[in-house]
Amino acid sequence: MKQIVSISLGSSETDYEFKTEFLGQNFFIRRFGTDGDLEKAAEMLLQWDKEADVIGLGNIKFPYALGPKYLTRKHEGKLAKLGSQIKTPVTTGSELRDVSFEWCLRFIQYKFGNYFNNARVLFLSGMNNYRITKVMSEFTDNLTFADPILENGIAKFINSIKDLKLYAQGAHEILQWVPSKRLSKSVVPLKAWNEYILKKAMQKANIIVVPSYNFNDYLEKTSLEELGGKTIITSTAYEDRIAFLKERGVDVVIDTTPKILERVVAPNVLEALIISALGRKRDQIRKDDLLEIISTQKMDPRVVYPSGNPKRVNRFAFVIHPLSKEHLKKDKAIDFMTNITPPAFLDAVEKVIAYAPPWVYSRVTGIKSPTGAEAEGWLITVGGTPKQMLAHRPEFTYKRLLQAARMAKRMGAQIMGLGAFTKVVGDAGVTVAKKAEIPITTGNSYSASGALWAAADAVRRMGFLKVEKGRKIVGKTMVLGATGAIGSVCCRLLAKAFKEVYMVGRNTAKLLALKESILEETPNVKIKVTTRPDKFLADMDVIVTATSGAGKKVLDITKVKPGCVITDVARPLDLSPKDVAKRPDVLVIESGEIELPGNPELKSIGLPHKVVYACLAETIVLALEGRYEIFTVGRDIEWEKVREIYKMGLKHGMKLAAISGVNGIFTDKDIAKVKRLALKAMKKKAG
Ligand SMILES: NC(=O)c1ccc[n+]([C@@H]2O[C@H](COP(=O)([O-])OP(=O)(O)OC[C@H]3O[C@@H](n4cnc5c(N)ncnc54)[C@H](OP(=O)(O)O)[C@@H]3O)[C@@H](O)[C@H]2O)c1
């Protein structure tokens, strides 16, 4: 049986010994802590020389991987000197530590699907965790290093690798701030301030990287407030450390040391084990050997959920805007002013607010998919009403949307959605997606899906059309705004479900091109295009209106047939409450809003609890799925994407919210009433 001895400068209270098998060989592993006594460690090293097959040295402060060479080598030099006096191979585990850090992060990023994308990561020691820093910077540039505070008592953070390098070389201007050690330790206000800003930084971070060495010292002053809901990356997370993190509400612990054995052991023990199993000398072990062992032995990184349940919280942002100047009155200050000043004041406010920089309207929390994934985010508002956005060039809105994207990125959002009119202006999100530093989606795929989902539900409940699986509906449907982003995809999907589709737009050439391309996909449908819907309205069973007419009259409801189902997707609505009231025998629904899974908390967006617009739901579905990509932009929405987001939504527990109209939710009783009135009107018309 081979003997592995680990001599650690750490506490002797956690000593252990056990037998194990590795790569078909038997090992006896023992750990001896020297409670920080270097002399004792040296003595033991000589004592175990030739007795053990390989000796590991543990709880050594690893040399920094950056900074002046004389400093980085100092530590290693001492150890090498000691090691050279003895015959048995000695290792500190530094090689495995480096390899496993990098491998662990890449593995998790891949396996958990973009886990680190744009995460806000706080390194308590960037210099100590430089390799993690470098790998992490490939996935996010939201990096904060607390080295100046914790090493030198300087009340400042470093926010880039470039600055960390300068700091390590003593060249960063931050070092001009160095207070004397005596001052930083003893002057209470400075120390308290440092503790305060460090706590704040921890609260803001999504991920905190804690060195294994001096782990307890780094975290001794933390509580639930700083660590609750966080992911902690560290190496060699012994059970007592996990228990400590659990008490403070940590969600996930990522241990970068691979878990090869039943027991959690430090990298020096693992590296000693590998050296011994391969029968190599210490300097004959290369990174490639270690990587091969890691992959052939399937040593997945150790991911611990202290609460016992897997947890992942993804982050999104979504841009909203006031729908009209009346909506601006929802702001208490404006409401107060408009009550005492003439209405012209509100016009002025509408114009001025359009120029305001974006601001956070609401934090969104508590969204939980049945898969276990969670999402949280921010609703960011830009000030322009649709009227103001249309009154300016598209660049005016792009500028504000890009400001919002920068804000979202800083806050750690991994994807941003564009609400209602913000994607109607200009090229429907294309320019913004090109220029923004986080992925953008307009949410139009799910808006189209939601509109048709709601229409299908309404048609089924009205019961005038026969809907059979796998067969086309014998009925006529019309889409207003057919050439638009949402309208065109509605046409594509309705063409698959209905025998006849009427497409209404203002531009015949665009309509004909759309007709051509739909017929290529779906030849067995009758398509009619028109710029004047009025003469066909009386024949339609289902109408979808999705124009960006911003409240202009596009549809004469008095002309539609009794029992018709109209889905009004437009925001502002194409049909005013006054119009709708004219036809109680027609079911007018306000497109398909989506009910979120979990128990979402957010400020009111004018919809019932848990219910959001489909475009916001698309952003949330993508966040839950970890699909941080430009999903829907531009006016050519692919119907495959509509289908994909619909399926993804079902997977994450999205439901079609109760269908509603201008007067709120339609109950079965309300629908029965519309149906009764429709039948009556039909009879009257026939008779
Ligand atoms: N309910 C939701 O969750 C949700 C989500 C996203 C968007 N929306 C709303 O849905 C609507 C459509 O959005 P979109 O992204 O598809 O916009 P879009 O790509 O700009 O398309 C708008 C369509 O409306 C037509 N149009 C514009 N002004 C018109 C007018 N005065 N009369 C008749 N037709 C007019 C346009 O015709 P031309 O081709 O001739 O210009 C175009 O076909 C907007 O009101 C938007 O706010 C709702």
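An open sheet of 3 strands runs in the order β25-β23-β26, with antiparallel pairing. Its edge strands are β25 (611-612) and β26 (655-656), each pairing on one side only. The model is predicted: local features need pLDDT of at least 70, side-chain atom pairs count only at pLDDT 80 or more, and totals for chains, interfaces and linings use all residues. Residues are numbered from 1 along each chain as its sequence is written.

**The antiparallel sheet**
- Strand β23 (residues 594-595) is joined to β25 by 2 bridges, and the two run antiparallel.
- E595 has V611 in β25 as its bridge partner.
- Two strands pair here if DSSP finds at least two bridges between them.
- Strands (E, at least two residues) and helices (H or I, at least four) are DSSP runs, numbered from the N terminus.

**The parallel sheet**
- A second topic is the open sheet of 6 strands, ordered β19-β18-β17-β20-β21-β22, in which the pairing is parallel.
- β19 (526-530) and β22 (587-589) stand at the edges; each has a single partner strand, so one side of each is left without a neighbour in the sheet.
- From one strand to the next, the twist averages 15°.
- Strand β17 (residues 473-480) pairs with strand β20 (residues 542-545) in the parallel sense, over 4 bridges.
- V479 stands opposite V544 in β20.

**Helices on the parallel sheet**
- α20 packs on the sheet and touches β20, β21 (565-568) and β22. Its direction makes about 160° with that of β21.
- α21 lies across β17, β18 (498-504), β19 and β20, and runs at about 160° to β18.
- Contact means that the C-beta atoms of two residues, placed from the backbone, lie within 7 Å.
- Axes are lines fitted to C-alpha atoms, for helices over the stretch in contact; angles run from 0 to 180 degrees between N-to-C directions.

**Helix α20 in detail**
- At 1.5 Å a residue, the 19 residues of α20 should span 27 Å, and its end C-alpha atoms are 27 Å apart, which agrees. The expected span is 1.5 Å times one less than the number of residues.
- 15 of the 19 residues of α20 are buried, so the helix is largely enclosed by the rest of the structure.
- A buried residue has 20 or more other C-beta atoms within 10 Å of its own, an exposed one 12 or fewer, and a partly exposed one falls in between; C-beta atoms are placed from the backbone.
- G463 follows α20 and has a positive phi, near 75°.

**The ligand shell**
- Of the 31 residues around the ligand, G481, G484, R506, T547 and G549 come nearest. A residue is near if its C-beta atom, placed from the backbone, lies within 6 Å.
- The elements giving two or more residues to this shell are α20 (444-462), α21 (485-497) and α25 (614-625).
- α21 gives the most, with 3 residues.
- The shell divides into 13 nonpolar, 12 polar and 6 charged residues. Ala, Val, Leu, Ile, Met, Phe, Trp, Tyr, Cys and Pro count as nonpolar, Asp, Glu, Lys and Arg as charged, and the others, Gly among them, as polar.

**S295**
- S295 lies in helix α13 (residues 287-296).
- S295 counts as exposed because it has 11 C-beta neighbours inside 10 Å.
- The C-alpha atoms of S295 and W103 are separated by 9.6 Å, though the two are 192 residues apart along the chain.

**The whole protein**
- The protein has 27 helices and 28 strands.
- Buried residues make up 45% of its 687 residues.
- Of the contacts with a separation of 6 or more, 69% are between residues 24 or more positions apart.
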